[in-house]
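Colleague: I would like to go through this chain with you. Could you take my questions in turn?

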Amino acid sequence: MSADPALLPATALAGRFAQGRLSPVAALEAVLARIARLNPRLNAIVALDEAGARAAARASEARWRAGVPLSPLDGVPLTVKDNITVAGLPCAWGSPLFRDFVPQRDELPVARARAAGLIVLGKTNVPEFTLQGYTDNAVYGPTRNPWNLALTPGGSSGGAVAAVAAGFGPLALGTDGGGSIRRPASHAGLVGLKPTPGRVPRCDGLPAILLDFEQIGPIARTVADLVALLAILAPADARDAASRALPPFAVPAAAPRRRILFIPRLGAHPVEPEIAAATAVAAARLAALGHQVETGEAPFTVEETTAIFGPVGQIGLAWLLAEKGGTPEAPMLREMAEAGRALAGTALFAALDRIAAFRRRMAAFFGAWDLILTPAAAALPWPAEQVAPPAIDGQPVGPRGHAVFTNFANIAGLPGIALPIAPAASGLPIGMQLVGPAGADGLLCAIAAEWEAAEPWAQRWPALG
């Protein structure tokens, strides 16, 4: 294990705090030194609270010395995506329209992290209104992938994954409205969870322009770190009705054998050959671990999920702009907003009806299968300033062509996790996605831990110097 505290997993840091072998203050200073050296090249963190972090680290150090830590992760550094409110820090949401917005309250998951003693370092970069699959905006500029600085880490949690992959703290809070944790995690060699709606209760945040499609979830280098953070975030809260409908979060001690449907592609939509090959190898490895893995067709089409997802995002953005005033900087978002304004009010209720029907159908599907396995993304990372890859495997694709595998889980209210698999020949990370029935967050974490034990990835680091 690395001697540099900035490169230690969260659970390893906390273990050293408990043993008195390392202090939260020393760990924070190592992380801040790494941020000072590397963030100018990556642009992952866009608002850094050094004074607040140092004060929190000193308080944590005192608690550990007194033997009264607030949680198993007391003193561990954490970054927060810039569409999650943190009291006293800017929350630009990637848009000039929110450039001067400084909220006075933490959103609930941030408040819980603070109450558990985690050290909030600052905010990570996003695309405008977190509605695109790369990370660039007119306020802060592009975020770059630590594995190749010419490329994007994806989006919209691009700053979050770049921070963790670069050693700017071992944990991050991201959001996932259509794959915005899972795809970036796959591009950065990390594990990222999009929880079941309500698993991480929310309140006191930004307007919900994607209904309950968007959830806050953890991003980490190891499964143990992800589980430790999720355990802090997961208790039900009376202000989030969905959280009260779920059983308490728990991870099975041993991953049970499961029936897994492997979906290598969706219809005729292309997948980069290296991604397809790596995911097929991962499916075979899961079968070798004892799971029943069968290759088959998806119980939905990309066209179907696009027809549901598209109007929700268009209407949500149009509503936000009507409330806030102004126009997005990104041309794609201006088109989205115009499309949303042109839709009749009945379009939202039609979308809600289709969402409900889709959720019923997917719930029935999980009577026959336990998990779905797919690639996490259809493309490897592309140039950092480019919205999306124009082609995949030589086939022209639209701006969401790289993102076809993920949004069905958001529409259906299902948990999904991205896990690193064998990297590309270039060294760029590749990830697979596992999706389970509603409430199966703990099962996904158990399967993820089994996968990590069989195919460890945590010692793969980008060569940043």
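The questions below cover the fold, the surface and the cysteines.

Modeller: This is a predicted model, where local features need pLDDT of at least 70, side-chain atom pairs count only at pLDDT 80 or more, and totals for chains, interfaces and linings use all residues. Residues are numbered from 1 along each chain as its sequence is written, and side-chain values use heavy atoms, with hydrogens and water left out.

Colleague: How many helices and strands does the chain have?

Modeller: Both are DSSP runs: helices are H or I with at least four residues, strands are E with at least two. By that count the chain has 14 helices and 13 strands.

Colleague: Why is the chain called as compact as a globular protein of that length?

Modeller: The test is the radius of gyration, taken over C-alpha atoms; the globule rule is 2.2 Å times the number of residues to the power 0.38. For 465 residues the rule gives 23 Å.

Colleague: What percentage of the residues is buried?

Modeller: Buried means under 20% relative accessible area, with a 1.4 Å probe and protein chains only. Of the 465 residues in the chain, the buried share is 60%.

Colleague: How many disulfides are there?

Modeller: A disulfide is a pair of cysteine sulfur atoms within 2.5 Å. By this rule the count is zero. For Cys 203, which is in no disulfide, the nearest cysteine sulfur is 15 Å away, on Cys 91. So the number of disulfides is zero.

Colleague: Is Cys 445 buried or exposed?

Modeller: Its relative accessible area is 1%. Cys 445 is therefore buried.

Conventions:
Buried means under 20% relative accessible area, exposed over 50%, partly exposed in between (1.4 Å probe, protein chains only).
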